[in-house]
Amino acid sequence: MQEKNSLLIFTRNPELGKCKTRLAATVGDESALAIYRFLLQHTVSITKELPVHKEVHYSVAIRENDLWDPDLYHKELQQGADLGARMEYAFAKAFQRGQNKVIIMGSDLYDLTTTDLQEAFNALEDHDFVVGPATDGGYYLLGMKSLYPALFKNKAWGTDTVLEATLDDLNNENVKLLPERNDIDYYEDLEGIAAFEPFLPQHLKHG
């Protein structure tokens, strides 16, 4: 176990009508919730074997009896007024505990693998930062070896400018860019992917 390495998983509480709202606009609240639960289960499957300290950071409330095994995942509540403040708080706490490499990730990446995450930690061996660009102009993963507060300020979170603004902040730093990945926010992000077919309402199913 690489105890000095930390993986922070940011997640929304899976509640009807309160998660994946942009996706729900097309598929409906119940399908959106089912899809998000499926994505959470995928996130568990790709992170549970990683030999690092793992934390799941809940958006609203910590749930005790859910799919995050408390023997594998330390449970925390997100703190802060916006996403930037919440991520900065989580990173700061990790570094205060003496962690050397800290990576934060979302929980809606179907095409992310355990190997991708291991390679992100490996990248911090000879880089100071690692960034996983998302196809929507944001990022799905951010890692660093010491707190860099500028990354969490003056960003229009949830828009297609976040990645560019973040890389501008890191312009003179030693950064490793990972392969681009597709996070699931809209119906178009999952259209045609067979794994999501069972969760779609009948009128959107293919075939």
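The lining of the largest pocket divides into 16 nonpolar, 9 polar and 10 charged residues. Here Ala, Val, Leu, Ile, Met, Phe, Trp, Tyr, Cys and Pro count as nonpolar, Asp, Glu, Lys and Arg as charged, and the others, Gly among them, as polar. The model is predicted: local features need pLDDT of at least 70, side-chain atom pairs count only at pLDDT 80 or more, and totals for chains, interfaces and linings use all residues. Residues are numbered from 1 along each chain as its sequence is written, and side-chain values use heavy atoms, with hydrogens and water left out.

The lining comprises 35 residues, and Arg12, Arg22, Leu83, Asp108 and Asp185 lie nearest the pocket centre. A pocket is an open set of points on a 1 Å grid where a 1.4 Å probe fits, with protein on both sides within 12 Å along at least five of seven lines; lining residues have an atom within 4 Å of a point. The space in this pocket is about 960 Å³. Strand β6 gives the most to the lining, with 4 residues.

β5 runs antiparallel to β6 (residues 139-144), joined by 5 bridges. It runs parallel to β7 (residues 175-177), joined by 3 bridges. Two strands pair if DSSP finds at least two bridges between them. Val130 has Gly143 as its bridge partner in β6 and stands opposite Lys176 in β7. In the β5-β6 hairpin, with 5 residues between the strands, Gly137 takes a positive phi near 90 degrees.

The whole structure holds 8 aromatic pairs. Rings of Phe, Tyr and Trp (its six-membered ring) pair if their centres lie within 6.5 Å; planes under 30 degrees apart count as stacked, over 60 as edge-to-face and the rest as tilted. The ring centres of Phe38 and Phe199 are 5.0 Å apart and their planes at 40 degrees, so this pair is tilted. Phe38 lies in helix α2 and Phe199 in the segment after α6 (187-190), so the pair ties together parts 161 residues apart in sequence. Phe38 is partly exposed at 24% relative accessible area. Phe199 is partly exposed at 23%. The rings of Phe129 and Tyr148 have centres 5.1 Å apart and planes at 80 degrees, so they are edge-to-face. Phe129 is buried, at 4% relative accessibility. Ring pairs also link Phe38, Tyr110, Phe196 and Phe199 into a cluster.

Key: Helix = DSSP H or I, 4+ residues; strand = E, 2+ residues; numbered from the N terminus. Points joined across faces, edges and corners; volume = space filled by probe spheres on them. Buried < 20%, exposed > 50% of the residue type's maximum accessible area, 1.4 Å probe, protein only.
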